[in-house]
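Please read this note with the sequence and the model side by side. Each point can be checked by going to the residues it names.

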Amino acid sequence: MRKYGKVIAGVLLLVIVLAGSGVLYRYLAGQYKAGGLAEAAPDREGENRTGAEPDREGGNQTGTDSEREEDGQTDAAGSEQEKGTNPAPDFTVENGDGEQVKLSDFKGRPVVLNFWASWCGPCKSEMPGFQNLYDDYGEEVAFVMVNLTDGSRETTESAMAFVEEQGYTFPVYYDVEQEAAAAYYVNSIPATYFIDSEGNLIAYGLGALQEEDVKTGLEMILDD
């Protein structure tokens, strides 16, 4: 009897696991559109709009809107936000020459913003697609490929060596102060954001994207 009881318990456990997996699948399918992209929600005061969960462990609030305002930083669309818009958080990174570049410097052009590192397998898997689309759209769209340069696991030198070795020609920027990662609550990579020419966050994809996914995002931000 005990043997049969264990078998029945095992079957019930399997049923529960399968049912839970189905619920999770339906939830994720509702969160993301086909192609792995999700539309960014319109701005609501005090809400994180980047698609990633803020890191609340240890009370780290370095990426909140209030602290960016205290530090004199504003969203790319300015401090006066129109209702229903979704201004992409601004940040400062460095280019290959060590010069500071802000996301807001690209306002007036659509932007593809990607967070990556050379040690990240999924990041490397999507990069050929980004290169192909940069070749096709690079004159119309600003590709802002932000390397998470923490100075230990990833350095400017290691990232530059990887880009040169692979022959990539899209613009690469280095988040040496982790300001960009904090602004977008980046706690896993790759992560990609699609920003229109007015500086509004339109869509995002968390995890590796196929080339067609990125192309779909581009079509969402390109002016008609």
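The points below go from the overall layout to single residues.

1. Basis. This is a predicted model, in which local features need pLDDT of at least 70 and side-chain atom pairs count only at pLDDT 80 or more, while totals for chains, interfaces and linings use all residues. Residues are numbered from 1 along each chain as its sequence is written, and side-chain values use heavy atoms, with hydrogens and water left out.

2. Layout. The protein has 6 helices and 8 strands. Helices (H or I, at least four residues) and strands (E, at least two) are DSSP runs, numbered from the N terminus. Along the sequence the pattern reads α-β-α-β-β-β-α-β-α-β-α-β-β-α. Of the 224 residues, 41% count as buried. Buried means under 20% relative accessible area, exposed means over 50%, and partly exposed lies in between, using a 1.4 Å probe and protein chains only.

3. Strand E4. How many of the residues of strand E4 are buried? In E4 (residues 111-116), 6 of the 6 residues are buried, so the strand is largely enclosed by the rest of the structure. In a regular strand, side chains alternate between the two faces of the sheet. On one side of E4 are Val-111, Leu-113 and Phe-115, and on the other are Val-112, Asn-114 and Trp-116; both faces are covered.

4. Partners of E4. Two strands pair if DSSP finds at least two bridges between them. E4 pairs with strand E5 (residues 142-147) in the parallel sense over 6 bridges, and Trp-116 has Asn-147 of E5 as its bridge partner. E4 also pairs with E7, here in the antiparallel sense and over 5 bridges. In that pairing, the bridge partner of Val-112 is Phe-194.

5. The crossover. E4, helix H3 (residues 121-137) and E5 make a right-handed β-α-β unit. Right-handed means that, with the strands pointing away from the viewer, the path from the first strand over the helix to the second runs clockwise. Leu-133 is in helix H3 and counts as buried, at 2% relative accessibility. The C-alpha atoms of Leu-133 and Glu-211 are separated by 7.7 Å, although these residues are 78 apart along the chain.

6. Aromatic pairs. The structure holds 10 aromatic pairs. Rings of Phe, Tyr and Trp (its six-membered ring) pair if their centres lie within 6.5 Å; planes under 30 degrees apart count as stacked, over 60 as edge-to-face and the rest as tilted. Tyr-134 and Phe-143 are edge-to-face, at 5.5 Å centre to centre and with 85 degrees between the planes. Tyr-134 is partly exposed at 22% relative accessibility, whereas Phe-143 is buried at 2%. The pair of Tyr-193 and Tyr-204 is tilted, because the planes are at 35 degrees, with the ring centres 6.4 Å apart. Tyr-193 is in strand E7 (residues 191-195) and Tyr-204 is in strand E8 (residues 201-206), 11 residues apart. Both Tyr-193 and Tyr-204 are buried.

7. A charge over a ring. Which residue lies over the face of Trp-119? Arg-153 does, at 3.7 Å from the ring centre. A charge sits over a ring if NZ of Lys or CZ of Arg is within 6 Å of the ring centre and within 35 degrees of the ring normal.

8. Backbone details. The peptide bond from Ile-189 to Pro-190 is cis, with omega near 5 degrees. Pro-190 is in the loop between helix H5 (179-183) and E7. Tyr-185 is found in the loop between H5 and E7 and has a positive phi of about 55 degrees, although it is not a glycine. Tyr-185 is buried, with a relative accessible area of 15%. Gln-178, also not a glycine, has a positive phi of about 60 degrees. Gln-178 is in the loop between strand E6 (172-174) and H5. Is Gln-178 buried or partly exposed? With a relative accessible area of 37%, Gln-178 is partly exposed.
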